[in-house]
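Please read these points with the sequence and the model open. They go through a few places in the chain, one at a time.

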Amino acid sequence: MDSLTKLNLDNYKPLRDVVFENLREAILEGQLKPGQRLMEVQLAEQLGVSRTPIREAIRKLELEGLVVMLPRKGAYVANMSLKDIIDVLEIRSSLEGLAAYLAAERIHEEDAKKLQDIAEDFKRSIERKDEIDVLLKKDVEFHECIFNATKNKKLSQIINSLWEQVHRFRATYISDFDTSYNLVEEHERILKAIISGNNEDAKKYAIEHIEKAEQFIIERAMNNKNI
């Protein structure tokens, strides 16, 4: 936890939110590693805050599946197994299929144009061989545009929570050369189906998109590679 630094307490957000977002980012970016114990006193000292917002943040992180509480032992960064990741992806495939289906029915012209622009930006980033962080950001933007087009905030919140649980895996998946180029084609199929209002195809392609990610990690695990 030496990489954590004191927070900017002039932030306009409530302190509990700033602490939560800082710890969540530290977990997602690997600064706080899977299996690492989260000690309130140490975290409070490093971030320059009291233990109360640390405790509140840990509770919220537990609800998101990023932290686990062990009886009489304390809080630890969640260490997802292969089975855990597959379970999350199975849920995601259904929910993202639903999101694409609803988006095809409800998307407005402005959102459709935005989705097209994001897909094109992603394609150019792949061709330029941009850094993984850039590719991840553009991939997230593409999917979030679809979620927003559903006009269903609860659905978006649930899917985004699941995404965060497999953030580290997504970086590995998108960095694979063959995968990155396949993603461009997969995005294009989903995009065309949504814009044309073909909800059944949109749902089918969105589900296939996640199923291919699941197949990737299964094959990678069988080859004894890290995921």
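Leaving aside its neighbours within four places in sequence, which residues is His187 in contact with?

1. The model is predicted. In it, His187 touches Phe122, Asp139, Phe142, His143 and His209, once neighbours within four places in sequence are set aside. His187 itself belongs to helix H9, which covers residues 177–195. The relative accessibility of His187 is 2%, and buried means under 20%, so His187 counts as buried.

2. Two of the contacts of His187, Phe122 and Asp139, also take part in the packing of helix H5 against helix H6. H5 runs over residues 109–128 and H6 over residues 132–149. Their axes come within 9 Å and cross at roughly 160°. Angles over 145 degrees count as roughly antiparallel, and H5 and H6 are therefore roughly antiparallel to each other. The crossing of these two helices is left-handed.

3. The residues that make this contact can be found on the model. From H5 they are Asp111, Lys114, Leu115, Ile118, Ala119, Asp121, Phe122, Ser125 and Ile126. H6 supplies Val134, Leu135, Lys138, Asp139, Glu141, Phe142, Cys145, Ile146 and Ala149. Sorted by class, the contact of H5 with H6 holds 11 nonpolar, 1 polar and 6 charged residues.

4. H4 passes H7 in a left-handed crossing. On the H4 side the contact is made by Val88, Ile91, Arg92, Leu95, Glu96, Leu98, Ala99 and Leu102. On the H7 side it is made by Leu155, Ile158, Ile159, Leu162, Trp163 and Gln165. By class, the contact of H4 with H7 has 11 nonpolar, 1 polar and 2 charged residues.

5. The loop between H6 and helix H7 (153–165) contains Lys151. Phi of Lys151 is near 60°, a positive value in a residue other than glycine. Most residues other than glycine have a negative phi. With a relative accessible area of 44%, Lys151 is partly exposed.

6. The strands come next. There is an open sheet of 3 strands in the order S1-S3-S2, with antiparallel pairing. Strand S1 (37–38) and strand S2 (67–70) each have a single partner strand and stand at the edges, so one side of each is left without a neighbour in the sheet.

7. How many bridges join S2 to strand S3? The number is 4, and S3 consists of residues 74–77. Val67 has Val77 as its bridge partner in S3, and Leu70 has Gly74. S1 pairs with S3 over 2 bridges, also in the antiparallel sense. Here Leu38 stands opposite Ala75 in S3. In a regular strand, side chains alternate between the two faces of the sheet.

8. S2 and S3 form a hairpin with 3 residues between them. Arg72 lies in the loop between these strands. Is Arg72 buried or exposed? Its relative accessible area is 84%, and the cut-off for exposed is over 50%, so Arg72 is exposed. Phi of Arg72 is near 65°, a positive value in a residue that is not glycine.

Notes: Residues numbered from 1 in each chain as written. Predicted model: local features only at pLDDT ≥ 70, side-chain atom pairs only at ≥ 80, totals over all residues. Heavy atoms only, no water. Pairing = 2+ DSSP bridges. Buried < 20%, exposed > 50% of the residue type's maximum accessible area, 1.4 Å probe, protein only. Contact = heavy atoms within 4.5 Å. Axes fitted to C-alpha atoms, helices over the stretch in contact; angles between N-to-C directions. Parallel < 35°, antiparallel > 145°, perpendicular 65-115°, else oblique. Left-handed = near helix turned anticlockwise from the far one by under 90°. Nonpolar A, V, L, I, M, F, W, Y, C, P; charged D, E, K, R; others polar.
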